[in-house]
Amino acid sequence: MKTLLIALAAAFVLPQAERPPYKTAYRVVNAHHHWINPDEDAVRAQIEVMDALGIAAAVNLDAGRSDGTLPRWIELERKFPGRFVNFAKFAQKDFERVREPGFFDDLVRELERAAKMGIRGVKIWKDLGMTIQDGPGRLLKLDDPRLDPFWTRCGELGLPVLIHAADPKDYWEPVTYNSALYGARTDEAQLHRIPGMPRWEELIGQRDHVVRKHPRTVFIGAHFASMTFDLQGLAERLDRFPNFHVECAARQRILGRLNPKAVRDFFVKYQDRILFGSDGGVLLGRRRSTSPNILVYPVDDADWPAIDPKDVDAVRRWKDGQPRFYGRYFEYFETDRLDLVDPFGSESGWDRLSGVKLPPDVLEKFYHANAERLIPGLAPPK
């Protein structure tokens with residue numbers, strides 16, 4: 001009895017970084033995950049972690065092109081049925097021929113080829129609108145009319161679009177101790193201030209225009225649609241666009257600064273529109289695009305190679321860190337503790353987050369049911 005009381009007391013006293021990782025009892029589907037490497041050993045290691053943490057299935061946002069890594073990813077999805085689905089990612093490399101005649105028709109044809117091979121959705125990265133150039137000094141906008149057939153075809157093929165447009169608004173503002181970039185990568189802070197970078201409002205407006213023009217296409221705004229600090233503005237978009245949804249990946253450091261009741265009320269009101277995502281992956285190193293049509297973006301996660309799955313020590317270290325990484329997400333959404341830290345690690349700084357303790361029925365939808373309804377191939381077998 002005394003041992004039990006000591007353990008219970010420690011759970012309320014120890015900082016989050018020192019407590020055992022929090023575990024969830026709910027079924028979880030991860031709608032935002034980077035699998036990176038189409039290697040069977042790497043996939044098996046990912047699934048072993050999922051099994052240990054209660055994550056039923058996940059979305060691979062890095063499946064590549066039909067003439068690249070996609071065939072191998074489709075093969076692996078079939079080898080591990082029900083554990084992950086593949087999204088084709090359209091980013092910098094896919095737009096290197098943007099100035100060539102017929103490019104936009106070819107883009108739709110690539111989408112159709114990928115759909116025939118078995119993709120379950122599409123990922124659009126933030127470089128579209130921010131860094132991909134349509135000509136000298138001219139950026140290709142998200143809502144360029146030449147892309148309309150692409151967005152329309154996504155809807156016709158039943159492929160949801162996970163779209164990362166812009167970034168948190170204060171990425172465009174001076175970095176202070178209270179900004180979202182405090183303690184984050186300095187290259188991200190510098191990127192948003194390069195000459196010619198569109199304003200945050202312009203990028204969000206382009207995204208809204210695309211969603212409005214294509215009501216039969218399902219859009220999922222990555223990272224709380226880059227509007228975490230403005231839940232009222234995000235609510236207005238969700239009210240205005242029935243085909244618009246959001247996921248929560250990598251924005252806990254911002255959500256945790258808001259009034260917990262306001263966050264909880266938002267989740268309750270829009271409980272059918274929010275998906276769980278972690279933005280996790282096994283990322284090391286980087287390389288840069290050499291295309292003249294693309295401004296160098298220093299943090300393109302798709303260009304980061306994976307840990308060698310045969311490096312036993314590296315894989316073990318990665319596995320050992322995953323329970324705490326996911327546990328920080330779960331503890332934020334399931335408890336009302338006041339001493340939480342960001343899953344990506346902010347415990348060395350002053351920032352502490354307040355949990356929101358969502359109701360069980362909301363957690364069921366947020367953790368898995370919404371993703372299973374919107375994304376083909378994720379629903380459990382009946």
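Student: In what order do the strands of the open sheet of 9 strands stand?

Tutor: In this predicted model, the order is 10-9-8-7-4-3-2-1-11, with parallel pairing. Strand 10 (274–275) and strand 11 (280–281) stand at the edges with a single partner strand each, so one side of each has no neighbour in the sheet. Helix 13 (residues 312–334) packs on this sheet, where it touches strand 1 (28–34), strand 2 (55–60) and strand 11, and its direction makes about 120 degrees with that of strand 1. Touching, or contact, means heavy atoms within 4.5 Å.

Student: What do the numbers of the model rest on?

Tutor: Residues are numbered from 1 along each chain as its sequence is written, and side-chain values use heavy atoms, with hydrogens and water left out. Because the model is predicted, local features need pLDDT of at least 70 and side-chain atom pairs count only at pLDDT 80 or more, while totals for chains, interfaces and linings use all residues.

Student: What makes strand 7 and strand 8 a pair?

Tutor: Strands pair if DSSP finds at least two bridges between them, and strand 7 (residues 161–163) and strand 8 (residues 219–221) are joined in the parallel sense over 3 bridges. By the same test, strand 1 and strand 2 pair, for 4 bridges join them and they run parallel; histidine 33 has asparagine 60 of strand 2 as its bridge partner.

Student: Why is alanine 45 called buried?

Tutor: Buried means under 20% relative accessible area (exposed is over 50%, partly exposed in between, with a 1.4 Å probe and protein chains only), and alanine 45 has 11% relative accessibility, so it counts as buried. Leaving aside neighbours within four places in sequence, alanine 45 is in contact with Val315, Trp318 and Lys319. Alanine 45 and lysine 319 are 274 residues apart in sequence, yet their C-alpha atoms are 8.0 Å apart in space.

Student: Does arginine 207 count as buried or exposed?

Tutor: Arginine 207, found in helix 8 (residues 200–213), has 1% relative accessibility, so arginine 207 counts as buried. Not counting residues up to four places away in sequence, arginine 207 touches Leu142, Ile163, Ala165, Ala225, Met227 and Phe244.

Student: How do you know whether strand 2 is enclosed?

Tutor: The count settles the matter, since 6 of the 6 residues of strand 2 are buried, and therefore strand 2 is largely enclosed by the rest of the structure. For the protein chain of 382 residues, 56% count as buried.

Student: What is the angle between helix 4 and helix 6, and what is it called?

Tutor: Helix 4 (residues 103–117) and helix 6 (residues 148–156) pack at about 15 degrees, with their axes 9 Å apart. Axes are lines fitted to C-alpha atoms, for helices over the stretch in contact, and angles run from 0 to 180 degrees between N-to-C directions. Angles under 35 degrees count as roughly parallel, over 145 as roughly antiparallel, 65 to 115 as roughly perpendicular and the rest as oblique, so helix 4 is roughly parallel to helix 6. Leu107, Val108, Leu111 and Glu112 of helix 4 meet Pro149, Phe150, Arg153 and Cys154 of helix 6 in this contact.

Definitions and conventions. Helix = DSSP H or I, 4+ residues; strand = E, 2+ residues; numbered from the N terminus.
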